[in-house]
Amino acid sequence: MATMKRAQQMTLARFAAVGDVAKLRAGIADIVDAGDKTKRGTWAYFANKFGDWLDAGMPEDTPFAVWSLEGNIKLPFASFSTAPVVTCPGAGACAEWCYSFKGWRYPAAYLRQVQNTLLLTKSAGRRIVAQKTNELPADIDCRLYVDGDFANIAQVAFWMSAINSRSDLRVYGYSKSWRQLLEYDRVGGKWPENYCLNLSNGGNAEHLRGDVARLPIVRGNFLTVDIARRLAGKYDSKEYKTAVRQAAADAGIERPFVCPGKCGECTPKGHFCGRSETSGVDVVIGIH
């Protein structure tokens, strides 16, 4: 199997999102059977690793790192992800252009998301995620949900507790799970002081933006604006920056910060979206 079709990937991701290990295992077996599990780097190779882990009862020694500590030029932080859309109750139009699907070209990246999605549906799995979070190095920047989102209020509560237990970490993220966040607040959930949340657009609960913006964890808005497709991702281009500023102005966004695309280098004082002192300033980026 040289690649997987999106429909097949979505089916397996949905099984993981509802914790259906049996159906997920059957789908993983199909991937293994369609390829050569001894050939490193292939879908069959990584699926075989994942299947062996499922057969062993999902032990602590996961086939893929729960938190990615490697980072890259664009995102030089520890990061956690789950499968997009199937864990995104607030998804709206964004599901049509979600950039997370670009990573599904890579077997290990896709299966890491499926693994983490499944872990959060099981009590034993959540203990593994909590343990891996507790084992993160001290005093680092972390992005929670590069892909995926809080699937339900239980996951909001889980993560807020985990972040509260690691007050040395600087955690930030983006979310459209606004109903779940507001419900957690309504029932008296404890918000961590070291978590900074940005409110993205393209969701299905835009009418709640004002309410969720008042939560103490919220830094401000992170808004995607329409620009010419040929400029997508050309962050260093003067034409790109001009187009983004014009699109923001046309949308009534005043004095925004234009995201330069590289989180670790966006300002001399650190990344803009993870700093509470930038509270209230809209960040804008072109559709990418």
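Is Asp168 buried, partly exposed or exposed, and what is its relative accessible area? Asp168 is partly exposed, at 23%; buried means under 20% relative accessible area, exposed over 50% and partly exposed in between, with a 1.4 Å probe and protein chains only.

The model is predicted, with local features needing pLDDT of at least 70, side-chain atom pairs counted only at pLDDT 80 or more, and totals for chains, interfaces and linings using all residues. Residues are numbered from 1 along each chain as its sequence is written, and side-chain values use heavy atoms, with hydrogens and water left out.

**View 1. Salt bridge between Asp168 and Arg166.** A salt bridge is a side-chain nitrogen of Lys or Arg within 4 Å of a carboxyl oxygen of Asp or Glu. Here the closest N and O atoms are 2.7 Å apart. Arg166 is buried, with a relative accessible area of 8%, while Asp168 is partly exposed.

**View 2. Salt bridge between Glu239 and Arg230.** The closest N and O atoms of this pair lie 2.7 Å apart. Glu239 is partly exposed, with a relative accessible area of 41%. Arg230 is exposed, at 52%.

**View 3. Salt bridge between Glu277 and Arg275.** The two side chains meet at 3.2 Å, N to O. Glu277 is exposed, with a relative accessible area of 57%, whereas Arg275 is buried, at 13%.

**Context for the views.** The structure holds 8 salt bridges, among them Asp168 with Arg166, Glu239 with Arg230 and Glu277 with Arg275. Side chains of opposite charge can pair when their charged atoms come close.
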